[in-house]
Amino acid sequence: MVYAVFAPLIFAIIIPFLSRIKHKVHTGWLILPVPLLIFIYFLQFVGSDFETARQTIDWIPSLNIALDFYLDGLSLLFALLISGIGTLVVLYSIYYLNKEEQLGHFYTYLYIFMSSMLGVVLSDNVFVLYTFWEFTSLSSFLLIGYWHYREKSRYGALKSMLITVLGGFSLLGGVILLTIETGTTSIRGMIEQADLIVNSDYFLFILIFLLLGAFTKSAQFPFHIWLPDAMEAPTPVSAYLHSATMVKAGIYLMARFSPIFSEVPLFFIILSIFGLVTLAWASYMAVRQTDLKGILAFSTISQLGMIMAMLGFGTSYAVFAAVFHILNHATFKGSLFMVAGIVDHETGSRDIRKLGGLMTFMPISATLAIFGTFSMAGVPLPFLNGFYSKEMFFESALDLGGYSGAFIESLITAIPIIAVVGSIFTFVYSMYLFFGTFRGEYKESELPKKPHEAPFMMLVPPMLLVIGVMVIGLFPNMFNQALITHSADAVYGDEVAKDIKFWHGWDSPAFQMSLIVVAAGILLYLTKNKWHHIYRVIPGRFNFNRVYDWVVEKIESVSNRITTAYMTGSLRLYMILILTAIITITAGAILISDGFNFEVQDLAPITAPEVIVASIMAIAAIGTTVARNRIAAILILGVVGYGLAILFVMYSAPDLALTQLIIETVTVVLFLLCFYHLPNLTTNNNSIVHKGTNVLVSIGYGVLMLVIGVTAYNSRFADTISNFFMENTYELGGGHNAVNVILVDFRGIDTLFEVAVLFGAALGIFAMIKLRQDKGAK
């Protein structure tokens, strides 16, 4: 499994090199086998005899963090969707993206995202899951902003990152509290301690933090506003991230942790309310949209709300229906996004007001759209998989119980009504999407390009997804026993055995609800022009995007005012602020922790030579502040450094003395070289307050360093590590000089990174010098 997770990430490193030959071979063809092989790998686990699998690689054992990948029914379902639809998206993108595009960037971002999503759904360690979770936010930001020269793309990318990263921080808080409470970083270990978590003092915070993480990622109300703006991404990105994978990460999170919360009434209340509100509001707003991808964006939000609500219901039937709809939604919504991209690609427009009558010009695309939209609408036909899970949604909404209380009973009564209302508008926007695009009047003058059918290979990905819609609809139990049941078992925490049937009789309440949806949906669609003005009232001028824009603008303006208050360009002010902050924070920490321990009896005796050297250093330090010649000031400052080297010799530290001498010599020489080209020092007639502030800050910082030095020496909160170094310097490091062995062996990684920092700084300096020389040459 580790190879399956990291294979796309490894290929993401070499994609920029492969893209150099994109004019000969499209980059997509070269990397297409990667998700296909991953899909085939996970496909071997599908079957009625499925057994879980696990693979663990130590990462940070001291923090109990390991690359612990665990494959159960739920993670298998998502892994198949990520890799399977990922394969189709790469194939689709080969014909959607021109070779003149920055293909190296696109596929690099896409494969980073693919690897991240696989890591999210396969990780059993919560901190590893969180790491991959944040990588999905980062890579999706890059994908949404792929066409960065468009203002809307940048806006959508920034909005998605701000909202999802905010949810990511919330998720981190939740997993930290879970780890503290349970003493484990394993999700399965946490589920085994569900009673402990539910009865914990942190339970409410854990629940809220996890819900915020899931709601922001899966675009639940009111955090749904980022998804429509993310439609500025290329259509392959929308088909992959915003229908089948990323937006379902929040769904996965709730499904994974639902065995812990499923018996908690608050979990049922929050998920049911927010899920159904998301369903109803998004389906209602979808009918208002005029952009094809805008309609699909709100339709995705509404479908995610329905899945979230079913997870909140918590019954075995609702969980089974939720898992089933995750699969169904990925098939019909992925195909619809691809068809919308084909329409845009071949007509030059996504504005449904300019489209119409395209069935004559694009018959194959129209046929694919029929199956996708009718399945999404839940039309009761046996070859449409969307109807099955939609009817299961109705049945699960009617079969709720086990909770008491007036509010919960009222909520249980209202749930079927809201479910029907939301589904009616789902039917309306589905018909609006299909008939508004492919039927009606053909507006030739409105379109930038004359419409025609897409190349056959561009039609293959949505065609395969539509075949999936039909096969699942015709043979649902074949998928049930091999995949869906195992996924539902993992979510419910117990065995879930269900048969999927198309016909339950005319007296089935769920079927009657479906008929109501169809009848009311047809009526509302046919009379859409007569009631469409209601959007002027609800939502009217109110817009959640305006709230978001106002919050971001206020944060930016307030931050700008605070920053400009102290970022004045004065180096003196910056140093005062930095040193004052260090003094305040450090002194406060010492006082709060009762860490002040000023004892001198165990210190080395101070003799006259040390006092003389220290006095000379003090006089030299003061002399630098009154010197008027820059060369003299540098030389006087060097006296301080050389005096310190002498003190090291007096206190039997010749290695430190040698290091100090070398550093001080180099520093003095560099200062002399630099200051030689700078203007002479000038005298500033500063006020007494100005000078007094300088003196106070200087004395305060000096006293603080003295207190820290003596206190640190006298305070022993743990056994000293010096004995370990002295005992193992030769045995483990192979050297007699303990200091050298510590720097090279025991702290080798620190030294390596210090060298890397110096190398990076030198590289930056060289680049600036080279850039200046190039400009001078021009």
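**View 1. K159 and its salt bridge to D229.** K159 is buried in this predicted model. Its relative accessible area is 0%. The side chains of K159 and D229 meet in a salt bridge, 2.6 Å from N to O. This pair links distant parts of the chain: K159 belongs to helix α7 (residues 151-182), D229 to helix α11 (residues 226-229). Elsewhere, salt bridges with shared partners join D291, D344 and R350 into one network.

**View 2. The D124 and R188 salt bridge.** The closest N and O atoms of D124 and R188 are 3.5 Å apart. D124 sits in the loop between α5 (103-122) and α6 (126-144), and R188 in helix α8 (residues 187-192). The residues are 64 apart. D124 is buried, at 4% relative accessible area. R188 is partly exposed, at 26%.

**View 3. D68 and R54 across two strands.** A salt bridge joins the side chains of D68 and R54, at 2.7 Å from N to O. D68 is in strand β2 (residues 65-71) and R54 in strand β1 (residues 53-60), so the pair ties together parts 14 residues apart in sequence. D68 counts as buried, with 8% relative accessibility.

**View 4. S75 in helix α4.** S75 lies in helix α4, residues 73-96. S75 is buried, at 0% relative accessible area. Its side chain reaches the backbone nitrogen of D72 at 2.8 Å. Beyond its sequence neighbours up to four places away, S75 touches Y70, V121, L122 and R256.

**View 5. F313 in the largest nonpolar core.** This core holds 203 residues. F313 is among the members that touch the most others, along with F42, M254, F257 and F268. Helix α16 (residues 316-347) gives the most to this core, 19 residues. Outside four places in sequence, the contacts of F313 include F268, S272, F393 and Y403.

Technical notes:
Residues are numbered from 1 along each chain as its sequence is written. This is a predicted model: local features need pLDDT of at least 70, side-chain atom pairs count only at pLDDT 80 or more; totals for chains, interfaces and linings use all residues. Side-chain values use heavy atoms; hydrogens and water are left out. Helices (H or I, at least four residues) and strands (E, at least two) are DSSP runs, numbered from the N terminus. Buried means under 20% relative accessible area, exposed over 50%, partly exposed in between (1.4 Å probe, protein chains only). A polar contact is a pair of N or O atoms within 3.5 Å; within protein, one must be able to donate a hydrogen and the other to accept it, and residues adjacent in sequence count only if both atoms are side-chain atoms. Contact means heavy atoms within 4.5 Å. A nonpolar core is a set of buried Ala, Val, Leu, Ile, Met, Phe, Trp, Tyr and Cys residues joined through side-chain atoms within 4.5 Å. A salt bridge is a side-chain nitrogen of Lys or Arg within 4 Å of a carboxyl oxygen of Asp or Glu.
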